[in-house]
Amino acid sequence: MAPPVYTDLGKLARDLFKRGYHPGIWQLDCKSMSSSGIEFFTTGFATQDNSKVMGTLQSKFKIEEHGLTLTERWNTENWLYGEIMQKDKLAEGLVLALAGRFQPRSNAKEGKFKLGYAQEQFNFWSDIDISSSPILNCSLVLGHKEFLGGVGCEFDVGNTKVENWKVALGWTNGEQATVHGELMNGDSWLASLFYKINEKFDAGVEISKISRTGGGPEGVAGQAENEVPAQQVPQDESGGNLMFGVGMIYHLDADSLIRAKINNAIEVGLGYEQKLREGVTASISAVLDGNDIGGGNHKFGVGVALEC
């Protein structure tokens, strides 16, 4: 089995802090499949503060005999997106894709060519803009037994300049435990630990230092947009934002679970998810300002997922 792509390194720990929390919004997700084999995905959001509504509609169709996947997507910003991907047909582990998006209102358009190749001990992925000043993104993950190592970079082809780079090291024992460390641009870093204590209880820890110049890691508790005012985030001696978080999931039974997380800004996240019936799952979540329980910037969210 090939190693994961670079963006999936440390995902088990990251999901403890991100997945299932939707502070300040109402969210509806729908997934269905037609009799002809076309998959439909619909996602809608409504913010609770200004009632702004956003959403996407996506369809996906697979032509198995040719290894092709056709994807189309539209969102409420009136962007039209399309992608054609071929996988494992020209060679085992080879992925080729061409993607583009277009906004009729502004006549803005973008295109990308994507290439990936994975074998038992490595996973390479890249994409490049189709433009006069292309940006090349590429990453490589190597695996040896239970150890993983990865590198990634963003390269400005026109100016022959590396814009961003990152390296990662990790250890994994399947779904039981993972250790992940990542360095970005020499001034931002992230370390995480995920451990499955038993069949019902998952726990994780993340600590990161985010550079003031940007380019910091994602997935740290409390780093979702608008969750923590900047003045509440502790500063380390080098001038960056130092964050530490602990998260957990506890499965009450086969159909329900609770989530919790807390970080060093005393921001507390709580969530509850319940499968109401086959194909219907509801969840509620809250992100609380522990520094001011009586009048803080608390955010609550409700989500419903439908599948048929």
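Trainee: Which backbone atom lies 3.3 Å from a polar atom of the side chain of Ser285?

Mentor: Bearing in mind that the model is predicted, the atom is the backbone nitrogen of His22, at 3.3 Å from a polar atom of the Ser285 side chain. Ser285 itself has its place in strand S18, which covers residues 280-289.

Trainee: Why does Ser285 count as buried?

Mentor: The relative accessibility of Ser285 is 6%, and buried means under 20%, so Ser285 counts as buried. Leaving aside neighbours within four places in sequence, Ser285 is in contact with several residues, among them Gly20, Tyr21, His22, Leu270 and Phe300.

Trainee: What makes the link between the side chains of Gln58 and Arg73 a polar contact?

Mentor: The side chains of Gln58 and Arg73 are joined at 2.7 Å, and a polar contact requires a pair of N or O atoms within 3.5 Å, so the label applies to this pair. Along the sequence Gln58 and Arg73 are 15 residues apart, while their C-alpha atoms are 4.2 Å apart in space.

Trainee: Why is Gln58 called buried, and where is its place?

Mentor: Gln58, whose place is in strand S3 (residues 53-63), has a relative accessibility of 15%; the limit for buried is under 20%, so Gln58 counts as buried.

Trainee: How many aromatic pairs does a search of the whole structure find, and why is the pair of Tyr117 and Phe122 called tilted?

Mentor: The search finds 2 aromatic pairs. For Tyr117 and Phe122 the ring centres are 5.7 Å apart and the planes stand at 50 degrees; planes under 30 degrees apart would count as stacked and over 60 as edge-to-face, so this pair is tilted.

Trainee: What makes the pair of Phe201 and Tyr250 edge-to-face?

Mentor: The angle between the planes of Phe201 and Tyr250 is 75 degrees, with 6.1 Å from centre to centre, and edge-to-face is the label for angles over 60. Phe201 lies in strand S14 and Tyr250 in strand S15, so the pair ties together parts that are 49 residues apart in sequence.

Technical notes:
Residues numbered from 1 in each chain as written. Predicted model: local features only at pLDDT ≥ 70, side-chain atom pairs only at ≥ 80, totals over all residues. Heavy atoms only, no water. Helix = DSSP H or I, 4+ residues; strand = E, 2+ residues; numbered from the N terminus. Buried < 20%, exposed > 50% of the residue type's maximum accessible area, 1.4 Å probe, protein only. Polar contact = N/O pair within 3.5 Å; in protein donor to acceptor, adjacent residues only side chain to side chain. Contact = heavy atoms within 4.5 Å. Phe/Tyr/Trp six-rings, centres within 6.5 Å; stacked < 30°, edge-to-face > 60°.
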